[in-house]
Amino acid sequence: MQRQGRATIADVAKAAGVSKATVSRFLNHRERLLSPDIAARVEAAVAELAYTPSPMAQALSHGRSRLIGLIVADITNPYSVAVLRGAEKACQDAGYLVMLFNLGNDIDREREAIDALAGYQVDGFILNTLGRGAGLVDADALHGKPAVLVDRRHAGMHTDFVSLDNVAAMKMACGHLVEGGYRELLYITEPLKGVSSRRERAAAFGACMAAHEPRVAGEVFECTGDDGDALEAALGALRKRARRGRRVAVLAGNAVVTLRVAAAMARMGLGFGTDVGFVGFDDAEWAPLIGPGLSAVAQPTDAIGRAAATCLIERLRGLEGPARQLLLPGELVVRGSSAGA
């Protein structure tokens, strides 16, 4: 009767008349522990059965899976997708595969995500998560695996961290608007609570405004996705502050906020670069297509993803020492929305 399905190590052992441990020694290139006759029998059985060992089984036999667990807060966010691409490329180059868990912005699923990926024996984690809520991940939740944080810090987790240099990026964006003659600035961000990158950018915006007082004034507005009326009111108030010809501008905290601002301005009949100047964080593919083109701080997302993966792989290969912090520079892409006076 013909054997059905893929041959197993047990099939090889039976055909060669040896134990599974003996077959394992042969497959792991330890023929020196076998007699020439036994090695030849195993080799013949492997060839006859067309046996190929499972890469996962081989990796686990050496105490590693060659899998990296990547957890992202929201896979619909262009930033997360771009970072994922960079991380996946670096992992692939190093012989690792990536397993993705999308939180869908559910603040209580972080521990669930860690536990789920740990069940697949991942070697380590890359975390671009929310960093807040009842399911907050800490060092004790990582099952003894190394981790690298991307973009958002976690209280209680002293691990390698990779991010945009938020302070330098905000200083660059504000400086560009001030040099362009804008004197009333509104920084629009998603809610700040519990998200380190948002707090860092808001604090940097406040520092920039303080540095340019009294000739420049600025405010921070926290924007939620379900309150378009409040956003329109904030934009209307900004326009009213355009007294004695003072130019007004908006800075948007990320691409999600940029889309909300664009929709609100369209409803209000306002134009980018004419009624309101604009610079946003994240240079989305559609940014050149809105109005005269939206100026943006382009994050080095590919480099951030690659750096995070590289940091983790270095730890997996035995690198020790204190946690590292890599802050990468952004690039200001100037388009018509922030043209000077």
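α5 passes α11 in a right-handed crossing, in a model that is predicted.

Q: Why are α5 and α11 called oblique to each other?
A: Helix α5 (residues 78–93) and helix α11 (residues 301–316) pack at an angle of about 45°, with their axes 7 Å apart. Angles under 35 degrees count as roughly parallel and 65 to 115 as roughly perpendicular, with what is left over after the antiparallel range counted as oblique, and α5 and α11 are therefore oblique.

Q: Which residues of α5 and α11 make the contact?
A: From α5 the contact takes in Y79, A82, V83, G86, A87, K89, A90, C91 and D93, and from α11 it takes in T301, D302, I304, G305, R306, A309, T310 and I313.

Q: What makes α7 oblique to α8?
A: Helix α7 (residues 166–179) packs with α8 at an angle of about 40°, and their axes are 9 Å apart. That angle makes α7 oblique to α8, since the roughly parallel class is kept for angles under 35 degrees. The crossing of α7 and α8 is right-handed, and the contact is made by N166, V167, M170, K171, C174 and V178 of α7 together with S197, E200, R201, A204, F205, C208, M209 and H212 of α8.

Q: How do you know that strand β9 is largely enclosed by the rest of the structure?
A: A residue counts as buried under 20% relative accessible area, and 5 of the 5 residues of β9 (residues 277–281) are buried, so the strand is largely enclosed by the rest of the structure. G277, V279 and F281 point one way from β9, while F278 and G280 point the other way, and all are buried.

Q: What makes β8 and β9 paired strands?
A: Pairing requires at least two bridges, and strand β8 (residues 247–252) and β9 have 4 bridges in the parallel sense. L251 stands opposite V279 in β9. The chain crosses from β8 through helix α10 (residues 255–268) to β9, and this β-α-β crossover is right-handed.

Q: How do you know that β9 is also joined to β10?
A: There are 3 bridges between β9 and strand β10 (residues 295–298), which run parallel, and pairing asks for at least two. F281 stands opposite V297 in β10.

Q: Why are β7 and β12 said to stand at the edges of the sheet?
A: The open sheet of 6 strands has the order β7-β6-β8-β9-β10-β12, with mixed pairing. Each of β7 and β12 (331–333) has a single partner strand, so one side of each is left without a neighbour in the sheet. Neighbouring strands of this sheet are turned by 20° against each other on average, direction ignored.

Q: What makes β6 and β8 a pair, and which residue of β8 is the bridge partner of Y182?
A: Strand β6 (residues 182–189) is joined to β8 by 6 bridges, and the two run parallel, where at least two bridges are needed for pairing. The bridge partner of Y182 is R247 in β8. Helix α9 (residues 228–240) packs on the sheet, touching β6, β7 and β8, and the direction of α9 makes about 170° with that of β6.

Q: Why is S337 called buried?
A: S337 has a relative accessible area of 0%, and the cut-off for buried is under 20%, so S337 is buried. S337 is found in the segment after β12. Leaving out residues up to four places away in sequence, S337 touches Y182, F272, G273, V276, G277, F278, P292, G293, L294 and S295.

Q: Why does N105 count as partly exposed, whereas D151 counts as buried?
A: Buried means under 20% and exposed means over 50%, with partly exposed in between. N105 has a relative accessible area of 40%, so N105 is partly exposed, whereas D151, at 6%, counts as buried. N105 is found in the loop between β2 (97–102) and α6 (110–118), and D151 in the loop between β4 (147–150) and β5 (160–164). N105 has a positive phi of about 60° although it is not a glycine, and phi of D151 is near 75°, a positive value in a residue other than glycine.

Q: What is the omega of the cis peptide bond that joins E213 and P214?
A: Omega is about 0° for the cis peptide bond between E213 and P214, and P214 lies in the loop between α8 (196–212) and β7 (217–222).

How values were computed: Residues numbered from 1 in each chain as written. Predicted model: local features only at pLDDT ≥ 70, side-chain atom pairs only at ≥ 80, totals over all residues. Heavy atoms only, no water. Buried < 20%, exposed > 50% of the residue type's maximum accessible area, 1.4 Å probe, protein only. Right-handed = clockwise from strand over helix to strand, strands pointing away. Axes fitted to C-alpha atoms, helices over the stretch in contact; angles between N-to-C directions. Contact = heavy atoms within 4.5 Å. Parallel < 35°, antiparallel > 145°, perpendicular 65-115°, else oblique. Left-handed = near helix turned anticlockwise from the far one by under 90°.
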